[in-house]
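Welcome, and thanks for taking a look at this one. Below is a short briefing to read alongside the sequence and the 3D view.

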Amino acid sequence: MQYEKSFQLGPYQVFIDEHLVVLNGEKVASQPKVMELLQVLVQRYPEVVSRNELIEGVWHGNEIIGEKALTNTIWQLRQLFAHPSAPLDVVETIRKKGYKLTLTPEPLSLSPKTTQSEPFVVKPSYMYQVVFGLACIMMVFVAWSLLKTPIEASAQSVSQMDEITKMPGSELRPSPSPDGKQLAFNWQQGQDSQLYLKDLTHPNVPITQLTFSDKRPWKAVWSPDQQYLYFAQKNSQACEIVRLSLADLEQLVLTSCPTDSGYNYIAISPDGKTLAFNGKAPLASQDGIYLLDLSQDDATPERLSCDTECDLRDRDVAFSPDGQYLAITQRKSTSEERLSLYDLGKRQFQILDSSHADIVGMSFHPNGQYLVYGAQAADKRRGYIVDLETKVQTKLIPRGFSYPHFDDSGNLYYQKRRENYFIASFALDSEVMSMPSPLIESHYSNQYPSLSRAHEKLAFLSNESGHYELWLANLDGTGREQITQLHRNLRYPSWSLQGDKLLVVSSDEADGHDKLYVFDYGSRQLRRLDLSFGKIGRPFWHGNGQDIVIRQSTNEGWQLFRLNVETMALSALLTKTARSGQYISEHELLFVNGKGLWIKQGEKQALLIAKAQFNTRYAWLATQEKVFYKHLGNKYNYIHAYDLKSKTTEKLLRLPKSSFSKAAPFAFDKQAQALLFTQSLTPQSDINRLTIKN
């Protein structure tokens, strides 16, 4: 094929040697390996190229590196042609064969010179004292946003977006020094995560490692004099709030913090005298925001908000530039997180927004009028601005936007992160040990497989529509079909034992009660069960194929209840506590509690696998012969198979922790002897900066 170095794919122009893709004048740089991979597919078009051939051509036959890198590079290639204005599914996965281009490369319709662009100029707005809005910047698939500078600058403002970090692994939670000359951030490589410092005035100077601990540091904040960094760090045994001296890297432990919290947020007052952090005292019912007086050596943290019988769980916190307010995020449920403004003088909360399920970072603009924050929905991250005077909220354009942080000059640093999940298939009867292969894979996220052998259908969730809706596909991944269009993020699809009905949960409901939807495959009817039982955990079908089992909180702990779908009546299913379960026949139930995995046969109950070996709550699947489950190790996660007859355990697979969810369940295709589960590409995260020139 004569267009191997420069060619057109649909509306996209491709320049292999320049590592460049251009769409309507917007240039997107690519990694060299992505272009090498694309060139091989172009050279072989329209043939299917096997994985082995791609590893040989791109990674020179290095199977150890290539096998792990190929799936990730295919994903990066798809993202390269996923501009929102012209999404192109450029690569097709041919199951058990390899990959091929989906369209013919053509000669270029425009010369490379026509792709160059001029900087975008933003004129000050006459409507506000502060020009604070959006500007287009030609980088990385999308138009970027610009927070406007004060109108007193009078001159036109030219925006510039800089990639501050672009390293292997993930660069997380940026924290610029007040003067904007240095940047503290977390760099995660595999399971190791440490705090680093980058000199922004000399970008070619190597970064400096600041921590060397087995305790993973979280987001850092600077003291106003820029001599110290404050942050939380923890491992499974301890969590502590520390002060790090940048002069000698000496750490001083200030107080403790909760080890069971997934997030350890922190903020410092403008005068440097007060530290606010996310914590939990021993008797508190929920995480809360604590204030620590840094001017006193023996100060005790004081809780700011509710500490017993709390309906809300405080998470993130940020000080306003004048120190009079705190922005606080409060988790109401897994489907709602509130953004509130707390008046430190009046000790009053004011709700700013409650429309998001998960808020990921926030920062005040130096002028104090605006608050910028990131929010995540259906594994997609976007940024938002809220005007604290008018309460008007504006969506920012950059995708993957999270953990924003301003320096004193109004330049905005943020973490650009994208996550992608796919359904993988692992062959159990292979004579040679192999890695899982993608079954349902696209530049959208697909997860939570459940299989019906009766109808040869695989149910799963996909965020292709913007929400996690219910989809069906053939068992080979073809014939994808969207079943629901509820504009909600659904969870936990599950076929009945007979494989004729499908159950799915809706958690983001206005009344706070989880709802159930039942899809009858034969009639193609979707029925809503309007429950009023609050949060119901991960429901599953009763062995009779008619009733549903849900979870409820009792005085003894979590327990499973049988729900009659006609009368909506509940009846206790077990005498023991339990978090989740699965029926393998009408009268045989397996369930999990704090002691491990149990089996109930009639009235008899017995412990099958103790917690030390069975340390997962939800990532498991029971059949009449075996139990497949995920074992969480220190450095890796494993998939084990427990034989219900011989009572023996077999280790099937070892994978990096970040490559598959510790909470997503399995599906099993008995006929194909394949285990299906949700796998993820290692999420890539880089730090960007929006710079404003006057």
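## Briefing

A disulfide joins C239 to C257, with an S to S distance of 1.9 Å. The model shown here is predicted.

- The link of C239 and C257 is left-handed, with -90° about the S-S bond.
- C239 sits in strand 18 (residues 239-245) and C257 in the loop between strand 19 (251-256) and strand 20 (266-268), so the bond ties together parts that are 18 residues apart in sequence.
- Are the two cysteines buried or exposed? C239 has a relative accessible area of 6%, which is under 20%, so C239 is buried. C257 counts as buried too, at 9% relative accessibility.
- R243 also has its place in strand 18, but this arginine counts as partly exposed, at 26% relative accessibility.
- R243 and W222 are 21 residues apart in sequence, and their C-alpha atoms are 9.7 Å apart in space.

- Strand 40 is joined by 4 bridges to strand 41 (residues 501-506), and the two run antiparallel. For S494, the bridge partner in strand 41 is L503.
- R524 lies in the loop between strand 42 (515-520) and strand 43. Its phi is near 60°, a positive value in a residue other than glycine, and R524 is partly exposed, with a relative accessible area of 37%.

**The second largest pocket**

- The second largest pocket holds about 990 Å³ of space. Of the 38 residues that line this pocket, W495, L497, Q582, L621 and A622 are the closest to its centre.
- Which strands each supply at least two residues of the lining? They are strand 36 (446-452), strand 40, strand 44 (540-541), strand 48 (580-585), strand 52 (620-622) and strand 56 (666-669).
- By residue type, the lining of the second largest pocket divides into 21 nonpolar, 12 polar and 5 charged.

- Strand 36 runs antiparallel to strand 37 (residues 457-462), and 5 bridges join the two. One of the bridge pairs is S452 with K457 of strand 37.
- Strand 36 and strand 37 form a hairpin with 4 residues between them. In the turn, E456 has a positive phi of about 55°.

**Other backbone details to check**

- The peptide bond from Y45 to P46 is cis, with omega near 5°. P46 lies in the loop between helix 1 (32-44) and helix 2 (51-58).
- Y403, in strand 32 (residues 401-406), has a phi near 50°, a positive value in a residue other than glycine. At 5% relative accessibility, Y403 counts as buried.

Conventions
Residues numbered from 1 in each chain as written. Predicted model: local features only at pLDDT ≥ 70, side-chain atom pairs only at ≥ 80, totals over all residues. Heavy atoms only, no water. Pairing = 2+ DSSP bridges. 1 Å grid on protein atoms, 1.4 Å probe; cavity = no way out; pocket = protein on both sides within 12 Å on 5 of 7 lines; lining within 4 Å. Points joined across faces, edges and corners; volume = space filled by probe spheres on them. Nonpolar A, V, L, I, M, F, W, Y, C, P; charged D, E, K, R; others polar. Disulfide = S-S within 2.5 Å. Buried < 20%, exposed > 50% of the residue type's maximum accessible area, 1.4 Å probe, protein only.
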